[in-house]
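Biologist: I would like to learn how to read strands and cores in a model. Please take me through one.

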Amino acid sequence: MKKILIITGGSKGIGKGIIGAYLADGFSVYSIARSANVELTKLGVTQIEFDLTQVDQIADTFQSIFAQMGNTAPEKITLINNAGTLGQIARLENVDTTTISATFSLNLVAPFICCSSFINLTKNWSCAKTIINITSGAALKPYFGWSAYCSSKAALNMLSQTIALEQMEMDGGVKVLAIAPGVVDTDMQTQIRSTDEADFKDLKRFVSLKEDGGLNDATTVGQEIWRMDHDDSLVSGAILRVAGKN
């Protein structure tokens with residue numbers, strides 16, 4: 001029977017690295033992102049172009065994806081909430097309210113609704129079911145200028161633990177993991193390095209990581225996330241981190 005991955009933010013960066021690892025294991029992949037990636041289309045990935053900040057339309061989007069799958073339960077199905085944004089890097093009083101709202105919509109509200117939809121749509125399936133929420137070390141440590149990012153990722157950790165607690169009472173419940181990928185060489189790191197040091201006090205550390213070759217690469221991170229998804233020794237609700245250079 002087939003294996004299925006649904007991932008948000010799969011068109012580039014960490015998401016693309018994750019997709020590569022799951023494709024290598026024979027998964028059928030559905031990627032939800034604002035824009036499609038031609039390379040992924042050639043690899044057979046079903047791409048849904050959708051802006052996840054339009055949170056009122058997420059449930060319908062999941063209904064459409066599951067309609068494409070058919071009614072037969074797969075051997076395994078995984079949801080990875082990967083899409084995220086740093087938002088505006090600045091002192092909180094200098095961040096505009098629209099950006100605050102958009103950051104929380106993508107980093108937190110969207111995963112809430114994606115998880116809810118996934119659980120509802122798979123509740124009658126007796127197969128291996130996993131939700132992986134891509135979190136950050138910033139969920140556990142405050143960074144100057146990252147108030148919305150740190151706070152939204154910390155809340156994502158608690159969401160993961162709460163769902164895990166609820167699902168433990170269910171027959172055939174969903175396993176939930178929160179995984180921090182480390183500092184990965186993506187567009188997000190480019191954004192960080194272009195920030196004014198007055199807005200981000202840790203700028204020099206992140207510049208040094210790039211210059212010294214200390215960044216994790218998306219391909220390796222994707223493979224490690226796939227491995228964690230298939231590691232039965234990891235307990236539901238675990239907050240994990242990809243081991244790497246940083």
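This is a predicted model: local features need pLDDT of at least 70, side-chain atom pairs count only at pLDDT 80 or more; totals for chains, interfaces and linings use all residues.

Biologist: Why is strand β5 largely enclosed by the rest of the structure?

Modeller: Strands (E, at least two residues) and helices (H or I, at least four) are DSSP runs, numbered from the N terminus. Buried means under 20% relative accessible area with a 1.4 Å probe, protein chains only. Six of the seven residues of β5 (128-134) are buried, so the rest of the structure largely encloses this strand.

Biologist: In which sense do β4 and β5 pair?

Modeller: Pairing takes at least two DSSP bridges between two strands. β4 (76-81) and β5 pair in the parallel sense over six bridges. Leucine 79 faces isoleucine 131 of β5. With β6 (175-180), β5 again pairs in the parallel sense, over five bridges. There, asparagine 133 stands opposite alanine 178.

Biologist: Which residues have the most contacts inside the largest nonpolar core?

Modeller: Such a core joins buried Ala, Val, Leu, Ile, Met, Phe, Trp, Tyr and Cys residues through side-chain atoms within 4.5 Å. The largest has 31 residues, and Ile6, Leu52, Phe62, Met69 and Ile77 have the most contacts inside it. Helix α4 gives the most to this core, six residues. Another core, of 22 residues, lies apart from it and includes Phe27 and Leu234.

Key. Residues are numbered from 1 along each chain as its sequence is written. Side-chain values use heavy atoms; hydrogens and water are left out. Buried means under 20% relative accessible area, exposed over 50%, partly exposed in between (1.4 Å probe, protein chains only).
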